[in-house]
Amino acid sequence: MSDLVDNPFFARLWMTMSGHEPESLRRLRVANLAGLTGRVLEVGAGTGTNFAYYPTGVTEVIALEPERRLAEVAREAAAAAPVPVIVSTAAIEEFGAAESFDAVVCSLVLCSVDDPDSVVRQLYSMLTPGGELRYLEHVAGVGVRATLQKVADATVWPRLLGNCHTHRNTEATIAAAGFSVDGSRREQTLPGWLPVPVSEFAIGRAVRP
């Protein structure tokens with residue numbers, strides 16, 4: 001295992017943000033996890049915000065969070081979760097490819113990995129046939145929003161927000177890995193007129209054939 005990620009500024013920022021998520025985002029988290037069963041891999045668990053929303057049909061969650069401060073908070077959330085949750089400080093890039101899961105959950109994480117194409121292909125390989133990728137992600141916008149995202153991604157946004165890149169064609173990346181995308185939609189969690197690059201999210205279900 002590689003050294004733990006040590007990003008104290010982002011960790012403090014994310015702990016504050018995750019503790020004050022808007023109700024609109026919490027509803028999307030619940031919807032993203034609804035109906036899951038079996039063994040689940042969660043990538044980029046953060047502070048464990050999702051843990052309370054896993055349905056009881058889930059038999060085990062392996063939650064990856066390489067930032068050590070966030071992982072400590074996530075372990076506290078895991079102790080109170082309605083399903084068994086094991087928090088690991090492994091990054092997805094170093095996680096054992098021999099592992100097999102019925103579902104993978106990605107919530108606000110594919111925007112921050114260095115090589116999303118490689119990571120999504122890895123997730124595909126770790127799913128059982130018929131397994132699901134559930135995603136809730138920032139995605140590339142259009143028009144003025146796209147311009148704002150590109151400026152943000154090229155300047156301070158990734159450095160301040162844990163390598164977050166807001167203008168990524170995440171759903172195209174998922175489809176290119178071989179997934180069959182089913183039931184995707186876009187949702188606004190903040191008013192569209194706000195001059196921030198991350199007000200719109202994509203939520204969807206992608207299946208490994």
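Ala-63 stands opposite Val-87 in strand 3. Four bridges join strand 2 to strand 3, and the two run parallel. The model is predicted: local features need pLDDT of at least 70, side-chain atom pairs count only at pLDDT 80 or more, and totals for chains, interfaces and linings use all residues. Residues are numbered from 1 along each chain as its sequence is written, and side-chain values use heavy atoms, with hydrogens and water left out.

**Sheet**

- Seven strands form an open sheet in the order 3-2-1-4-5-7-6, with mixed pairing.
- Strands pair if DSSP finds at least two bridges between them.
- Strands (E, at least two residues) and helices (H or I, at least four residues) are DSSP runs, numbered from the N terminus.
- Strand 3 (85–88) and strand 6 (180–188) are the edges; each has a single partner strand, so one side of each lacks a neighbour in the sheet.
- Neighbouring strands of this sheet are turned by 15 degrees against each other on average, direction ignored.
- Axes are lines fitted to C-alpha atoms, for helices over the stretch in contact, and angles run from 0 to 180 degrees between N-to-C directions.

**Strand pairs**

- Strand 1 and strand 2 are parallel and share six bridges.
- Leu-41 stands opposite Ile-62 in strand 2.
- Strand 2 (residues 58–64) is mostly covered, with five of its seven residues buried.
- Buried means under 20% relative accessible area, exposed over 50%, and partly exposed in between (1.4 Å probe, protein chains only).
- Strand 2, helix 3 (residues 68–79) and strand 3 make a right-handed β-α-β unit.
- Right-handed means that, with the strands pointing away from the viewer, the path from the first strand over the helix to the second runs clockwise.
- Strand 6 and strand 7 (residues 200–207) run antiparallel and are joined by seven bridges.
- Val-181 has Ala-206 as its bridge partner in strand 7.

**Helix 2**

- In helix 2 (residues 23–33), the buried residues are Ser-24, Leu-25, Leu-28, Arg-29, Asn-32 and Leu-33.
- Down the axis of helix 2, these buried residues fall within an arc of 165 degrees, so they line one face of the helix.
- The arc is that of the directions from the helix axis to the C-beta atoms.
- Their cover includes strand 4, strand 5, strand 6 and strand 7.
- Gly-35 follows helix 2 and has a positive phi, near 80 degrees.

**Helix 4**

- Helix 4 (residues 116–126) lies across strand 1 (38–43), strand 4 (101–107) and strand 5 (127–138).
- Helix 4 runs at about 145 degrees to strand 5.

**Helix 5**

- The twelve residues of helix 5 (residues 143–154) should span 16 Å at 1.5 Å a residue; the end C-alpha atoms are 17 Å apart, which agrees.
- The expected span is 1.5 Å times one less than the number of residues.
- Arg-145, Ala-146, Gln-149, Ala-152 and Asp-153 are buried in helix 5.
- These residues cover an arc of only 125 degrees around the axis, which puts them on the same side of helix 5.
- On the other side of helix 5, Gly-143, Val-144 and Ala-154 are exposed.
- Helix 6 (157–160) is included in what covers the buried residues of helix 5.

**Gln-149**

- Gln-149 sits in helix 5.
- Gln-149 is buried, at a relative accessible area of 2%.
- Gln-149 touches Val-139, Ala-140, Gly-141, Thr-166, His-167 and Pro-197, not counting residues up to four places away in sequence.
- Contact means heavy atoms within 4.5 Å.
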